[in-house]
Structure formats: C-alpha cells, structure tokens
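I opened the notebook to go through one chain.

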Amino acid sequence: MDNSQKTLLIEYAYKEWEDDAEIVLTSFPLTGPGGLRRLLGEKYPEYFCKAYMPDQFEREFGDYAIEMLEDLKDIINAKIPVKEARVAPRGHAKSTICTVAIPAWATVYQKVRYVLFISANEDTACNFLGKVKIALESPNIIEDFGPIKGSRGNWLSTWNDHEIETTSGITVECTGWTAGIRGKNKKKGRPDLVIFDDLEDKKVMESPSLKEKLEHAFTDEMLKLGDFDTIYFYVGTLLAVDSLLARTIKKATWKFKLYKKVMSFPDEQGEKLWEEWRLIFRDLYNDNRMEDAYAFYLSHKEDMLRGVKMLWEGKYPENLMVYKGAYYNTMLEREESEDSFWQEDQNEPRNSDDMKFKNIHYWESWPDKIKSLKLAIDPSEGKGDSTAYVCGGEMNGGYFVREGRLALHDPYQIMSEVVRFVQEYPLIDEIVLESNLFKDLLKVELIKALCAAKMPDGSSCYRTVTHKHASENKHIRIMKMEPDINGQKVLFNEINSTYNKQIKDYHPKAAHDDAPDALQILISALKKPNYYIK
C-alpha cells in the first residue's frame, strides 16, 4: 500500500471511528482478510472504488456520485425488491459506477447471487464486464478477499467475455438487449440484481421500429427476468421526451432521481455578461477570439459565476485544463451544440415533432437600412413567468430581432428595463404592450418613466406606447408566425440564447411561452400598425 492509499485509508478511518480512529489504526492490520481496507470498503463504496479500482476512479467524486453509490448500497443491503432509476448527464461516470463499481462491490462482499447487466449492445456490455474482471483480478482484491477467479474441487469457474463465476459461486453476466435475453437464469435461480445501462443508443433513437422493439423487449422480457426478490436498477440519459427511460420514470412502480450538469445558472447580471462573452467568442473575424473571450471571463469571473452550481466540479481537473473552471468549459461545449447541452447535459430533451420553430435562423450582420425599431413586451403575471422583451425592425418584408430578453421583473423593473432599451436603441419609435395584464396602469406609469428619463444626448426618452388587442387564442396567434420563421423571414440575434431557446422549444403544451408571445406582438406591430390601440 503506497502513501496515497495509506492517507486515503486513514481519512476514512477517522470518518468511521472519529476519536477512536488512532486506536483502531494501531490495533488492526491495514490489509488482508481481516484488514481495515476490506472493512471500510464495505461501509463506504466510494472508498472501495478508490482503494480497489483507482485507475477507474482517478478524479474526485461529485456529491451525486457518492449519493448514487450509497443508494445502490442501501438498496442491495435492504434486499427489498424495487425498481429504481437514475437519470444523469453524459460523461458523469454513471455507467462506471453502476455496471463496474457496484457489481464488483456486491460480488466480493457476497451481497448477491447473480448480477445481470444489460446495455444497448453486446460490445458495450462486454466492455464493462471486462472492467469488472480487471478489478476482481487486481492484487488488492486478491490480498483482501482471496482469489475470485478459480475452481472449487471438480467445479471449473466460468470466466469469459460475457459471464464470470467467482470462487464463492456468484455469477456476473452481461448482454446487449438485441442479443436475446429470454431465459437468462442459472441453476441457482433468476438474477437478484438486474442493471439496465443506457439501453437506447443513436441507432435505436433514429428507428421507430427499433424503439418499438425495445419497448416490447423491456416490458415483456427484461422485466420478467427476475423473481420476487429481484432489484431492477435503470441508469441512463434522457435522449428524447418519448424515450423508454422517460416513459419508465413516469410509471408509479418506479422511483427515480434526475441530475443536471448545471444545477443552477448565473443570476441576471451574470447572464448579461455571458451574452457579451458570446459576442467576443463568436467573432470569427478575430483570430484571438478564444483568448479574448477567456480574458473577458477572467476579468468578470465573480459576476459571471454568481448563482452557478455544478453537479460535478471535478469533471474538469484544473491542473489539466487549458481553460479553468467547470462552468466555463461547459459553456465552451455548449457552443458546439445547444441541443446537445439541453439533452445530454441537462436531461431536458425536446420533442422535435411538437416543436414548431426548431429551425430558426440568424442574421449575420445588422442591416444599416433599418431606420426604426419597435419594442414589444409581454409582462409577467408575477407567478414565476418571465417578462419577455423583444426589439426589432423590418426591411424588405423581413423581420430582424435586435435583442430578445427574458427576466423575472416586477412592474417597476419593467419600466427601468424599457428605459434601458430606449437609451441603448434610439431608433425605437414605439413600445407595444400585451394588454391583458396591467392594461392602462402599466401604460400610464411607463409613459411617466419615459418622460422623466433622458437619452445620452439629453433628449427625452419618451416614445409612443400602445396596447395590443388579443382577440384570438394565444397558440393560434403564435402559430401564425410559423411561415415567416421557418421561411427565414424572421432572423434572430444569435447571442440571445435563452430567449431563442424558448422560441425553438415552443409547442402547444410548453410550460413557458413568453418569448414567442412577445415576438408575435412585435411582428404584428411591424406588419399591421393599426392592429394596436394608442
């Protein structure tokens, strides 16, 4: 045992025995069948991983990983048949935890008789079983538990790519669900722990027939593999709103926990700074844009990270990263694909069949010929909805969004924000309000605020303020934009990622529709000025 492993063992000894740890450490051997390493590994699965599989778990555990390990340990120890699921982001070691660490832990401590884990395909499943075999053949395991691979009398152990049988008579088997899984049981009985790991891959998600086949295999075969005492554990990422995992966790027979890579985002000031960062980062005319963007981040780091909470800071070891910081590197990855960020990292997939504006388009440079702008506002009801602001203009039958923004604003903050828009975009000549909420009160107070404010040149901020009549159903009004948006007649500002996401995510049952509602107000104002009441 090297010094780092001794330090680790001492750390967990003090965690377990506190003031008595020194006595325990001097009274018992550190390793071997009666050693402290074996004893602590059973109590703390995260220590088991670090002590017996250090090559698989080099980075520090996130709290979610320790929680997942503890949950599985408690479920297995309780020996109560359950159906549990854990939904976690890609790249967060969920498969290594559930299909390598836990089967190895449960095997050496003889917590189970027969473990079966099922993946999307045989190659993936065999890869994980191979890691289990490496762990069980490691010198540390053999030192503390004795040989796991071998024979007993005339009985010859099975030890191949698909199945292993230990010297204590425990079976660990793997398969891909397409390989045929009916009748996976041994003389000792049916599996008492079945682990489903990322059953859906890209091939399945792109094939309706394979999705249907998987659904039937899961319901009719996989969930019938066990017996009355079997534990079923399903781990994966939500690849679609109608995926098997998404439907499974909605069933009353299943318990689940869902994790997001970004647990909380920056506050309002931070989001505005990130939008400035995007302008720098996306300036393709600047050869030093990446370095300049990082320098901007470093100079505003405190404000840009206020409110941020990451699921696993240790995913990005600072001593190995060119750009430091888990959230910063997440934002770099988000620049590669916004859709992938919400689906793979946040477990918030989008239903492409329902989304009406999934292919929005952006202007490359702002048209100088636009000489007037309008600002449309959909005020919040104050119940968690955002106030949506969108400013834009028209040119040659096209509609250009200059800025779109969502913010949790009260009426006084709305007035301050409108003044800010007018001061920043002097070409605004009209402000259009959704009339269903504050009606004349907000309009009167807004006019007062504009009259009291001054432009940078000292002139008045006053602009015409109008109301929009909403006589049609909101969804019908919003869907009238579909030909213009999908036909590239409406062009968006790429840096307004939060606002744009709500446009792209819109469907009839969407939880939030403030952004498309405000956009509909703007386009209607640009198309038909007489539609409004002065």
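How many helices and strands are there in the chain? I found 22 helices and 17 strands. I noted at the start that this is a predicted model.

**Whole chain**

I looked up the extent next. Along the principal axes, the C-alpha atoms fill a box of roughly 95 × 55 × 45 Å. The chain has 534 residues, and 52% of them are buried. I then checked the contacts between residues at least 6 apart in sequence. Of these, 70% join residues at least 24 apart.

**H1 and H4**

I turned to helix H1 (residues 3-17) and helix H4 (residues 45-52). Their axes come within 10 Å and cross at roughly 165°. An angle over 145° counts as roughly antiparallel, so H1 is roughly antiparallel to H4. The crossing of H1 past H4 is left-handed. From H1, I listed Gln-5, Leu-8, Leu-9, Tyr-12 and Lys-15 in the contact. H4 brings Glu-46, Tyr-47, Lys-50 and Ala-51. I sorted this contact by class: 5 residues are nonpolar, 1 is polar and 3 are charged.

**H7**

I checked the length of helix H7 (residues 122-136). With 15 residues at 1.5 Å a residue, H7 should span 21 Å. The end C-alpha atoms are 21 Å apart, so the two values agree.

Which residues of H7 are buried? I wrote down Ala-125, Cys-126, Phe-128, Leu-129, Val-132, Lys-133, Ala-135 and Leu-136. I then looked up what covers them. The cover includes helices H6 (94-108) and H8 (139-145). It also includes strands S2 (114-119), S3 (163-165), S4 (171-176) and S5 (193-197).

Conventions: Residues are numbered from 1 along each chain as its sequence is written. This is a predicted model: local features need pLDDT of at least 70, side-chain atom pairs count only at pLDDT 80 or more; totals for chains, interfaces and linings use all residues. Side-chain values use heavy atoms; hydrogens and water are left out. Axes are lines fitted to C-alpha atoms, for helices over the stretch in contact, and angles run from 0 to 180 degrees between N-to-C directions. Helices (H or I, at least four residues) and strands (E, at least two) are DSSP runs, numbered from the N terminus. Angles under 35 degrees count as roughly parallel, over 145 as roughly antiparallel, 65 to 115 as roughly perpendicular and the rest as oblique. A crossing is left-handed if the near helix is turned anticlockwise from the far one by less than a right angle, and right-handed if clockwise. Contact means heavy atoms within 4.5 Å. Ala, Val, Leu, Ile, Met, Phe, Trp, Tyr, Cys and Pro count as nonpolar, Asp, Glu, Lys and Arg as charged, and the others, Gly among them, as polar. The expected span of a helix is 1.5 Å times one less than its number of residues. Buried means under 20% relative accessible area, exposed over 50%, partly exposed in between (1.4 Å probe, protein chains only).
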